[in-house]
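Visitor: I am new to this structure and would like to learn how to read it. Could you walk me through some of its features?

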Amino acid sequence: MEQSHVDQRTRFVVLASGTGTLLQSLLDATADPGFPAQIVAVGADVPDAKALDRAQKSGVPTFVRMVSEYPLRTDWDSALTDAIDEWNPDWVFCAGFMRILGPSTLARFAGRIINTHPALLPAFPGAHAVRDALAYGVRVTGCTVHLVDEGVDTGPIIAQAPVHVDASDDEAGLHERIKMAERSLVVGTMAAIASRGCVIDGRRAYIP
Ligand code: GRF
């Protein structure tokens with residue numbers, strides 16, 4: 001009798017809003033059956049996110065929950081929670097998801113949602129991290145993978161990578177260099193969490 005293969009690897013739902021180049025790195029990594037994580041679905045808050053095309057090309061199911069489709073923000077939050085939950089993920093990875101998650105999503109996946117941010121937190125939280133770092137004049141910035149809590153980019157830090165700022169950098173060029181570091185960071189962090197989990201001890205989060 002033919003045996004169907006069940007993928008036993010740690011299950012991630014990835015949320016993205018934009019071009020999805022970080023998602024692409026995760027899709028490429030998870031395409032190797034020896035990689036310890038799988039992406040079971042990709043969710044977006046906008047229907048034209050290029051990230052959705054990338055997922056579809058890799059045969060990964062997608063879903064879209066737009067804030068504007070719901071009368072209240074809390075309705076969107078509940079709908080997003082249910083859409084994620086349908087895939088029974090072990091972890092949710094926000095990889096360029098440009099919306100603040102609501103209380104329902106945070107509660108359902110408490111301690112199991114991670115985000116990547118293009119700055120060395122706690123410096124430069126928010127939607128314009130690269131611009132803010134350049135404007136401040138820092139010589140070193142980078143990227144951070146952290147647990148998501150109810151604040152904006154405030155959850156315990158899991159991993160970081162530094163990137164030097166050049167005198168000639170503009171926002172787009174610096175962001176591209178940060179994303180080069182970020183792609184390795186997200187893949188490495190996904191693999192480590194999938195294999196060993198993540199321990200949270202107050203402000204400190206570490207992969208044992
Ligand atoms: C990343 O720098 C991420 O940290 C930020 O948005 C960017 C996403 O890039 N929130 P892409 O869409 O994956 O290329």
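Guide: Let us begin with F124, which sits in the loop between β5 and α5. Helices (H or I, at least four residues) and strands (E, at least two) are DSSP runs, numbered from the N terminus. Please keep in mind that this is a predicted model, where local features need pLDDT of at least 70, side-chain atom pairs count only at pLDDT 80 or more, and totals for chains, interfaces and linings use all residues. Residues are numbered from 1 along each chain as its sequence is written, and side-chain values use heavy atoms, with hydrogens and water left out.

Visitor: Is F124 buried or exposed?

Guide: Buried means under 20% relative accessible area, exposed means over 50%, and partly exposed is in between (1.4 Å probe, protein chains only). F124 has 16% relative accessibility, so F124 counts as buried.

Visitor: What is the phi of F124?

Guide: Most residues other than glycine have a negative phi, and most peptide bonds are trans. F124 has a phi near 55°, a positive value in a residue other than glycine. The loop between β5 and α5 also holds P122, and a cis peptide bond with omega of about 10° joins L121 and P122.

Visitor: Where is N88 found?

Guide: N88 belongs to the loop between α3 (73–85) and β4 (91–94). Its phi is positive too, near 45°, in a residue other than glycine. With a relative accessible area of 52%, N88 is exposed.

Visitor: Let us turn to a helix. Which residues of α5 are buried?

Guide: In α5, which covers residues 129–136, the buried ones are A129, V130 and A133. Seen down the axis of α5, they fall within an arc of 100°, so they line one face of the helix. That arc is that of the directions from the helix axis to the C-beta atoms.

Visitor: What do the buried residues of α5 pack against?

Guide: They pack against β5 (113–117), β6 (140–147) and α6 (171–196). After α5 comes G137, with a positive phi near 90°.

Visitor: Where does G188 lie?

Guide: G188 lies in helix α6 and is partly exposed at 37% relative accessibility.

Visitor: How many helices and strands does the chain have?

Guide: The chain has six helices and nine strands. Buried residues make up 48% of its 208 residues. Among contacts with a separation of 6 or more, 61% come from residues 24 or more positions apart.

Visitor: What radius of gyration does the chain have?

Guide: The radius of gyration is taken over C-alpha atoms, and the globule rule is 2.2 Å times the number of residues to the power 0.38. A compact globule with 208 residues would have a value near 17 Å; the chain has 17 Å, which agrees.

Conventions
Contact means heavy atoms within 4.5 Å.
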